[in-house]
Amino acid sequence: MNNFEFFDKFVDRHIGPSENDIQKMLNVIGLKSLDELMEKTLPKSIRLKDKLELSEPLTEHELLSYLKNLASKNKVFKNYIGLGYYPTITPGVIRRNILENPGWYTQYTPYQAEISQGRLEALLNFQTMIIDLTGMPIANASLLDEATAAAEAMGMLYSIRKSNKKNANVFFVSNEVFPQTIDVLKTRSAPLGIELKIGAHKTLELTDDIFGILVQYPACDGEIYEYTNLFKEAESKGIYKAVAADLLSLALLTPPGEFGADVVVGSSQRFGVPMGYGGPHAAFFATRDEFKRQIPGRIIGVSIDVHGNRALRMALQTREQHIKREHATSNICTAQVLLAIMSGMYGVYHGPKGIKAIAERVNKLTELLNGNLQELGIIQTNKNYFDTIKVVMKSSKEADAVKKYALEKQINLRIIDETTFGISVAEPNTVKDIIELTEVFANALNKKFISDLSMTKKLVNSIPKNLQRKSKYLTHPVFNSYYCETEMLRYIKGLERKDLSLTQSMIPLGSCTMKLNASAEMFAVTWSEFSELHPFAPIDQAQGYAELINELESDLAIITGFKAVSMQPNSGAQGEYTGLMVIRAYHHNRGDDHRNVVLIPSSAHGTNPASAVMAGSKVVVVKCDEKGNIDLNDIRTKAEQYKETLSALMVTYPSTHGVFEEEIIEICQIIHKNGGQVYMDGANLNAQVGLTSPGLIGADVCHLNLHKTFTIPHGGGGPGMGPIAVAEHLEPFLPGHAIIKVGGSKSINAVAAAPWGSAGILVIPYAYNKMMGGTGLTYATKIAILNANYIKAKLANEYSTLYSGKNGCVAHELIFDTRSFKLSANIEVEDIAKRLMDYGFHAPTVSFPVPGTLMVEPTESETLYELDRFCSAMKAIRKEIDDVEKGILDKEDNPLKNSPHTVNVVLADEWNHQYSREVAAFPAQYVKENKFWPSVGRINNAYGDRNLVCSCLPISEYETREVNG
């Protein structure tokens, strides 16, 4: 019989262990089959009876043909819509070597700073660029989008109100702020008790009840306002001032820091990051130095290592949610690191001269267009502008004619009302584009336009002297050294080599699911049909996206056992917040406004309580028992105690302790019986897919980390996606959007700037699901559980597993208890984490959810060879600890305490340690064959926090280089 099927199936490429390997692993565990392992791991009551009914899996080749057809249904018009999203030119060296490079996009958040110096430097460049352009003293390493950055600014300023404003609860927002930003501010303000006052800033009366104001610079329709007097008056009354600014415009305009801003937010998208139908893009957040401990998100700071050398790391981590929990002022966890790196590199690539030239060219093209339209007798209302003009036609008939001719030329303008258009010019535009635009209006008016390509036309200056920037920016050598692409390429590659990614070894981080990000899943991300669409383009131009999103939502609904899905939340933490806000809307719709208590297990991720507080809830912590499970008696007692005010339970399943809790269905029933809803944190959905589902278990809503379970890369700390899936009764409350109609019939306001969040990366999970199919996805779940149980069995003699299920099995991750080594050998969990770097591995998750432990998640993508290599390193480290315990190695001078060992230390003339250089740097044979060198020694975090520096160091700290010529 002939076999015409493709031999090469994607599932076999995605899954690490072969069939022979699986049997070997089961033998180590002591079981006969995968099915037996599943029976011992998952409670019988929650197992799915039917297979996932998804489409038949495609091969990689078939997928790419399928995606090409899908892409062809998107129409890439010339977009002049603006509103915070602009066509841009991504330098080829950045696109090829960062955006499309797994050495960058498969990195994790830089918690292990010694093996993250490359991206930390790239992020420090980004922070420096933002500090310089905004004129502010400190900036963070990115936020999710401009709208949520503005909401974070509002929340921060509310939390630090001045003493004379403690009872003030009004946040004024100019009606000339982007509509999508106002939409998100409405969502975020209500549960915090903040009253939004939206109006004209020109006639604003600064009353005592106002604690802060937000303005757009330039304004939504393009006008540039002088805010100095308004800000001076606000300052005199103790009112904070926030500015949402266009980053490119700040190359020409007076920076907000120079006219009194307290916070400056915005998007860095037009610095080389494609629009991607809404994202992902890196927002920025800059503020005053005195607010450095309140600033949301992550800050990269300069410190020193144990040898006194300059070293970078994430600063002020005591602000983070896993420490502050319900006392955190923000739930920001994942940010937009990969995109911030791209934008920062755009600044490095172009330098101050290039950035200014791009800004001037955009501005002059806009002035040219304005002059052309005035010659046609068309009214343009903006007196001062950077890149956007506001055009008013005399009648709707004229306006309709403009729309007709624009459509013929495949041009998108912003339609403000029936006679008014907004036109935003961007970096890729040319004089020919301006002539084409002018001809659209000329044809609409039945007028002739004689194009002038002589470039001699005198343009009217659109930026008056009092608004023109006089201060310098991007003066640091890093922005003045890489004009030549050869040098730029080497700089990027030099940074990449400092960082450990999935290209070097497995990254066994518990709760993080660092699985394969297959090349076939990534290809379409940079196809122009997906990457160059404006998020507010007419829906009929994005039919390919519509089909992709609808199919992906349908697949995720089937996988979760729910009715509907919203793609809008653009991070896991945003998904948490959105789920809780949907529950809140559901209660309010029923007249249960008083339901505001959220029960959260003590083992929960720190973003859970932070999200709950942001959603206006009161957090009540539920105990866990000695086995790590939710204490059934405690949750029953508290659910009954708060039954009149109970809003929800937030529960992670399998638990953050790596166990399928047997009583999960009963727990859900207890909550429902007492009037609450069950929010399931989808962080561990990788252990559920195809075997069980949140809907079957009894949850009402869950978020899904598409950057975990569904293979969107972590990008060094973002992008991520956190869509929510909901039961039928919650569907009406799914988030809407101010510009594009999405969401339910009773939708909450938007939670992100774009209607489908970071739509530009949805092609990745879409491709993953299409190539895996229902059977493949289920098989992946089984192998993820197998790999974790194999590591548990393989290391059973060396490390005790803190929690396991009733049959002794773990889910897809496990916690090794390393606390006893502190007493026996003075070895901390951090010492083990740093020593793993010498073996070429990223550490598992350190001290979460239990201090002094390691949480390991191998994922289904790692081979038996790689699992054994990791286990070998862990065994060798345990032997080193044993040698310390026996006195063979000194308790202070040993390979663990001194790790990681850099090449400079190992090659130094002096070696004063009791162990050899070989033991330090090459502790295993495989390390000799492919050594990854940490670029710095162990970092002194306390020094960096005491001496906080969050921008590039002074020129004296660097080698002198040639500047851009």
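**View 1. A hairpin joins strand S13 to strand S14 through four residues.** In this predicted model, strand S13 (residues 411-415) and S14 run antiparallel to each other and pair over two bridges, with arginine 414 standing opposite glycine 422 of S14. S14 also pairs with S12, again in the antiparallel sense, and here the pairing extends over five bridges; within it, valine 391 has phenylalanine 421 of S14 as its bridge partner. Strand S14 (residues 420-424) is mostly covered, since five of its five residues are buried. Thr420, Gly422 and Ser424 point one way from the strand, while Phe421 and Ile423 point the other way, and all are buried.

**View 2. An open sheet of seven strands shows mixed pairing.** The strands follow one another in the order S15-S21-S20-S19-S18-S16-S17, and the twist from one strand to the next averages 25 degrees. Strand S15 (564-566) and strand S17 (618-622) form the edges of the sheet, each of them pairing on one side only. Within the sheet, strand S20 (residues 701-703) and strand S21 (residues 724-726) pair in the antiparallel sense over three bridges, and the bridge partner of cysteine 702 is alanine 725 in S21.

**View 3. The side chains of arginine 270 and aspartate 387 form a salt bridge, with 2.8 Å from N to O.** Arginine 270 belongs to the loop between strand S7 (263-267) and strand S8 (283-287), and aspartate 387 to the loop between strand S11 (379-380) and strand S12 (388-392), so the pair ties together parts that lie 117 residues apart in sequence. Arginine 270 counts as buried at 5% relative accessibility, and aspartate 387 is likewise buried, with a relative accessible area of 4%.

**View 4. Aspartate 945 and arginine 313 meet through their side chains in a salt bridge of 2.4 Å, N to O.** This pair links distant parts of the chain, with aspartate 945 in helix H31 (residues 941-946) and arginine 313 in strand S10 (residues 310-315), 632 residues apart. Aspartate 945 is partly exposed, having a relative accessible area of 24%, whereas arginine 313 is buried, with a relative accessible area of 2%.

**View 5. A salt bridge of 2.7 Å, N to O, joins the side chains of lysine 770 and glutamate 551.** Because lysine 770 lies in helix H24 (residues 763-794) and glutamate 551 in helix H18 (residues 543-560), the pair ties together parts that are 219 residues apart in sequence. Both lysine 770 and glutamate 551 are buried.

**View 6. Lys162, Glu235, Lys241, Asp262 and Arg288 are linked in a network of salt bridges.** For context, the count of salt bridges in the model comes to 48.

**View 7. The largest cavity has a volume of about 230 Å³.** Its lining is made up of 23 residues, and those closest to the centre of the cavity are Leu99, Pro280, Leu339, Val525 and Ile761. Helix H12 (337-375) and helix H17 (528-531) are the elements that give two or more residues to this lining. By residue type, the lining of the largest cavity divides into 17 nonpolar and six polar residues, with no charged ones. A search of the whole structure finds ten cavities of 30 Å³ or more.

Note on methods. Residues numbered from 1 in each chain as written. Predicted model: local features only at pLDDT ≥ 70, side-chain atom pairs only at ≥ 80, totals over all residues. Heavy atoms only, no water. 1 Å grid on protein atoms, 1.4 Å probe; cavity = no way out; pocket = protein on both sides within 12 Å on 5 of 7 lines; lining within 4 Å. Points joined across faces, edges and corners; volume = space filled by probe spheres on them. Nonpolar A, V, L, I, M, F, W, Y, C, P; charged D, E, K, R; others polar. Salt bridge = Lys/Arg side-chain N within 4 Å of Asp/Glu carboxyl O. Buried < 20%, exposed > 50% of the residue type's maximum accessible area, 1.4 Å probe, protein only. Pairing = 2+ DSSP bridges. Axes fitted to C-alpha atoms, helices over the stretch in contact; angles between N-to-C directions.
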